Amino acid sequence: MNRLLNKFKYSLNNNFYNKFKSTTQLISTNNVKRVKANLRFYSSGSSDYSVASNIETSININGGYKLIEPPIPIENLKRGKDREIKKISMGDIIHGFRVTGVKEVPERQFHTYQLEHIQTGAYYFHIDCEDSNNVFSVSFKTVPKDSTGVAHILEHTTLCGSKQYPVRDPFFNMIKRSLNTYMNAWTGPDFTSYPFGTQHAKDYYNLMSVYLDACFFPILSVQDFRQEGHRLEFELPEDTSTPLHRKGIVFNEMKGALSDPSTFFSEQQQQQLYPGTTYSYNSGGDPIDIPSLTHKDLVNFHDKHYHPSNSYFFSYGDLPLYGHLKAINEWVLSHFNKESNRRLETMINKVERWNSPKRVSLKCAPTVMDVNPERKFKFSMSILLNDNNIKPSNEDDDSEIQFERLAMNMLSNLLLRGSNTPMYQSLIESGMALDYTPGTGYDDNLRESSFSIGGIGIKKDDLEKFENSIISTLEKAEKEGFKQEQCDSILHQYEFSQKDVSSNLGLKLSGGLLSNWIHGGNPVEPLFLNKNIERLRKEISSGPFFQKLIRKILDNPHRLLLTMESDPEYQTKESELERQNLDKIKQALTENQRKDIIDQALELQQRQNLTQNLSCLPKLTVNDIEKKQPHVDFHDIATSAWTQSYLRIQDLPTNGITYFRSMIDIQSLPEHLKLYLPLFCSVLDQLGAAEFDHKQLDTQINLYSGRFQATPLIMQDPYNLTITSEKLYLKSACINRNLHYMFELWHKILHQNRWNNHDLLKLLLTQRQSSLIESITSSGLSYAKLYSSSGLSSFGQRMEQWGGLSQVRFTNQLVSNISMDQIIENLIQIKNHLISDRSNWKSLLTAEQSALDKSVEALNQFLQSIPTIVQSNNVINNSSINNNIITDDLPSHEKISYYSIPSQVNYISKVYPGVPYAHRDSASLSVLSKVLSEYLHKEIREKGGAYGGGVSYDSGNLSFYSYRDPNLNKTIEAFKQSIHWSKQNITNDLIENAQLQLFSDIDSPESPSNKGVGEWMRGITTQMKQERRYNLLNITITDLVELTDKYLSEKQTSFTTVLGKSDELLKNDQSILYKTL
């Protein structure tokens, strides 16, 4: 499989996370088990820098905001299948661009066009298709020469104001003035990219105008550099006797990111494998090195890299290419000239190859819970492979490299993916390691590709054995090859992935094609997956194809052997070192320097407190929001064939795939078994079933389906939060020809599972324990929010039991104290409950009309094996009842629950109770949450230096939050002050901004596979959604002020939880319940 770790390292807006795949993965498999890819984003969110003058877009002032005149008429513009497709030929010149390539991609129904801007040499790639979710991005090849984070900090400050839009934060302001489906910026190891998506033509050109001006004509003020990058401040800004602190959004973001052992390991693996190149530095920035970056360095980096001659423009969707080209040429490119040396200056040199393996040993922070103190080592073997740099004129080389990438991707899957692979069996199933290291697999994202195999949770005495096992397993695979069935299962996954329709395909392509493109490849070439799959089939059938690739790996001397040991004192040492350095800096400060620090802090604070005139920014209005709620047609079946069961069918264009879902009522499941449900779901398809052992079952699932999933769910009644419904959710999908096989596999898994495999179940349980513990640091906010919410309701308690710290502790207890016989007995009891009564099942089938009859027939045969016990007059009854969950660990509303974790930043959650979905106030609380976030963004992120903070409203809870936050009391005070602020400062503009943000999510595109699923699961009808839509569009200032008094008064019960850095002083704080996990 492809490693994701190097693709998108850091992003401006952390609310948009985990949406992307690397090039080969994007076009191949989407169901990779156990091989953990560590997707690392670093993304956002001086004044003497001169920009080109007299540059204007077509803008008119209109009632407090700018009207961007679209480059083409957009009224009555035909969209989707009805769009006009103009003939474009090689050599055509369109708005200053010369067409250099035109290709059809039949397997995707794409029309693709490559262009080069004549005056500047900027590259452009456009995909014309019927998708209305249009995507645009402008990217630059960026090659930092140190770990100061210059590319990352520039990504942030670029979006902090520009020539046409000289406001403090146009990026985050445009999020509130748009109906975007995506807005962000990404910093990768060798690129920086600025993508957005929207379904609205007017919105598209609004966002394009802001993005282009930000990238090519940014202000890059010193104040923004200090806010986003780093600065020195006294603890009390005007008191030089107080301790000196280092602040900055990126500085704190990277402290948080590198506190996670998995992220730190991945960073070190890349840096050590690529010495002497830009990849040997942390493009996001190392907190040790970030303070050495100057504002002048930042401006110089922009001047060198952010030029059209080093740019890559991408667009996707059903809007006409002509309009995009006209806008880009007139607004930006016509004001620059070509500088051919720009691409030469950003060329990445090849690594000087080693003649023998290199060993590196490092230490890192420990995991949150030291449950396996003897298993504190991580080890990986990484091999540097082929050069991905392609000469633009050599199309044959490009095609060959794409085939090699696919072949290596498939080899990676054959070696590592799932339980029926040699590496899993020798490294994981053997018990030597608990799981793979992040980044295990094939990575083709950088100039030179690599292949890594590693494990976490290794004992010191097993390190040498683990290393030798990697080599011996490769040698065995070279000798024996792979069974045809295994190869077919991977090829089937590629086929399924090609057919599976995604709602954000354009966004995935924007990132997924970029690595190939910036290294000289043809961006269209990776889209032709089918021809390479056919060639791969022929190569496999004609001889020992993969064995030759394995031999190349074995013979490659450029091999990194990285060992990392967790050190319980690691974070303490780092914190002490930082404190010592700051104390030394303070001692050496002159009086003038102290005064400068105070003046700079006050200057920045005054700037942050200024009320901005945002009239220069374009925006949509509530008039651009669709007033009518879209409806998804469905048909409910309740005939004799479905007695005591309930089925909904949906006829949608699924491209030859059938999507199956079922919810099984577990309300009557004994309480002591419900804690086992997450474990049950995680191992359900991992143990083997009927004639298949666990390895064979893994292959069968990959041969005949795209995905199998089981999840415990608890849902709230739309009218009453005290009424909940507990279900076990099953989900799978298959190409239509495999319907019978998919349901046959479900039958075997549910009726004939091999539960009594003690050794395998113990292994899976230990892996689950390791995975949960590893996730605590990186998912600190999620755990904090779940724990806070558990104090409000039985719904919150159950959510926390299944997905919070309680589940982590319960898993530890299972591993340590409960016999496997008892665990197996409980899992079998759960299984027996699920298949005891068909009336507990509620199913959904989504497919095209031509496949629905066969889908219904196959599901009917499957369900007939489940008996019917309970008779009911209403087959759609969800068995919703009031729950009284018994738990011995609830948060206190009187004190802050503080969990100490090995992190240098905090994750803070404060939760208040709200109302049900259908309640009139629910819509108002959603709007209020966005309004409050306006205040908190400034206080927590801009002033406080946290990576993010705000308020969300979901599941009947109003949740205040911050993440990667260096502060505690200051943030909690900001939560309180935001409530007071809202009583006097809410305006109609703030309400409209909130409405646009909400409908940006509500009306975001859905893939055919997901349409109607929410309504089916939660019982929320189109009429209920329409009423909520009406309520959201009719909110007044008075409504929100009254809500603040009603739901956020000091008398209202709330719960606060923090997962944060160890602090001995807090143990004696009477307002805090200090806990250690």
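**View 1. Domain layout of the chain.** An automatic or database domain assignment divides the chain into domain 1 (91-347 + 577-620), domain 2 (366-503 + 518-566), domain 3 (635-756 + 782-837 + 856-865) and domain 4 (896-1076). The model is predicted: local features need pLDDT of at least 70, side-chain atom pairs count only at pLDDT 80 or more, and totals for chains, interfaces and linings use all residues. Residues are numbered from 1 along each chain as its sequence is written, and side-chain values use heavy atoms, without hydrogens and water.

**View 2. The contact of domain 1 and domain 4.** The C-alpha centres of the two domains are 27 Å apart. Domain 1 gives 30 residues to the contact and domain 4 gives 26 residues (heavy atoms within 4.5 Å). About 2,400 Å² is buried between them, 48% of it from carbon and sulfur atoms (accessible area, 1.4 Å probe, lost on putting the two parts together, summed over both). On the domain 1 side, Lys 176, Ile 249 and Asn 252 lose the most area to domain 4, together 23% of what that side buries.

**View 3. Salt bridges.** Domain 1 and domain 4 share 4 salt bridges (a side-chain nitrogen of Lys or Arg within 4 Å of a carboxyl oxygen of Asp or Glu). Lys 176 pairs with Glu 934 in a salt bridge; their closest N and O atoms are 3.0 Å apart.

**View 4. Elements on the domain 1 side.** Elements giving two or more residues to the side that touches domain 4 are α3 (170-175), β10 (180-183), α5 (222-228), α6 (249-259) and α20 (591-609) (DSSP runs: helices, H or I, of at least four residues; strands, E, of at least two; numbered from the N terminus). The largest share, 7 residues, comes from α6.
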